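Please open the model in your viewer and keep the sequence panel beside it. The stops below are meant to be selected one after another.

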Amino acid sequence: MQRIWIFTLLLLFAVSGLSCDKGSTVLPGFTMLFQENFVIPVGISPFEVHHFQFENVSSRYQQYLNQYKKTDADITGVITTKAAITGIFGDSNLDFIDQVSIRVYDQSNPIDYLEIAYRFPVPLDPGNNLPIIPSLADSKRFFSQPRIAIDVVLWLRKATTEESEVRLNLELNATF
């Protein structure tokens, strides 16, 4: 009788553990989207670090606040939820990239930056889409400003053999 009771209890724990969805934690807040296109030129060296900078980018922070009827004081943080570099025309091969760092900074002080996403090492054959791992850094101090600057830093594993037109996709969550 005791064995049946223990078996039933274990079965109940197993079924209850399988039914919960661990991947659907939704933070209260709103999503901020950013897309920037850039070209990775042919023949750049793997012995140098390459910076692709986007300055004077509108954060649209005030528009998001107005849209969701929130104030700056309501926002507790801005966290990166998704990031990727993707070939625009679907024909790019991003296998030449070894490391990626996406940084945000204020144009008036480029030395004070915050890494909001990274990927090290990059898979050997990422194809046309390179997902980048979001960091846990709170970037509210930058994205609450009207204008921001974004720096995509690339370390290469080999020289580029063709020009690649790519798009940086960023998705951030402003939590409240």
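This is a predicted model: local features need pLDDT of at least 70, side-chain atom pairs count only at pLDDT 80 or more; totals for chains, interfaces and linings use all residues.

Residues are numbered from 1 along each chain as its sequence is written, and side-chain values use heavy atoms, with hydrogens and water left out.

**Whole chain**

Begin with the protein chain coloured by secondary structure, which shows three helices and eight strands, where helices (H or I, at least four residues) and strands (E, at least two) are DSSP runs numbered from the N terminus. Followed along the sequence, these elements come in the order α-β-β-α-β-β-β-β-α-β-β. Of the 176 residues, 37% are buried, a term that stands for under 20% relative accessible area, with exposed meaning over 50% and partly exposed in between (1.4 Å probe, protein chains only). Among contacts (heavy atoms within 4.5 Å) between residues at least 6 apart in sequence, 81% join residues at least 24 apart.

**Confidence**

Next, colour by pLDDT, the predictor's confidence in each residue on a scale from 0 to 100; the chain averages 89, and 85% of the residues score at least 70.

**Core**

Now select Met32 and Ile102, which touch the most other members of the 40-residue largest nonpolar core, such a core being a set of buried Ala, Val, Leu, Ile, Met, Phe, Trp, Tyr and Cys residues joined through side-chain atoms within 4.5 Å. Leaving aside residues up to four places away in sequence, the neighbours that Met32 touches include Tyr61, Tyr64, Val78, Phe143, Leu170 and Leu172.

**A loop residue**

Move to Ser135, placed in the loop between β6 (129-134) and α3 (140-143). Is Ser135 buried or exposed? At 11% relative accessibility, Ser135 counts as buried. Its side chain reaches the backbone nitrogen of Ala137 at 3.4 Å. Not counting residues up to four places away in sequence, Ser135 touches Ile79, Thr80, Glu115, Ile116 and Ala117.

**Aromatic pairs**

Finally, display the rings of Phe, Tyr and Trp (its six-membered ring), which pair if their centres lie within 6.5 Å and count as stacked with planes under 30 degrees apart, edge-to-face over 60 and tilted for the rest. By this rule there are six aromatic pairs. One of them joins Phe30 and Phe176 in a tilted arrangement, 6.5 Å centre to centre with 40 degrees between the planes. This pair links distant parts of the chain, 146 residues apart, with Phe30 in strand β1 (residues 29-40) and Phe176 in the segment after β8 (164-175). Phe30 is buried, at a relative accessible area of 2%, whereas Phe176 is partly exposed at 35%.

Select Phe34 and Phe143 next: their ring centres are 5.3 Å apart and their planes at 50 degrees, so this pair is tilted. Because Phe34 lies in strand β1 and Phe143 in helix α3, the pair ties together parts that are 109 residues apart in sequence. Phe34 is buried at 3%, and Phe143 is buried at 0% relative accessibility.

Conventions: A polar contact is a pair of N or O atoms within 3.5 Å; within protein, one must be able to donate a hydrogen and the other to accept it, and residues adjacent in sequence count only if both atoms are side-chain atoms.
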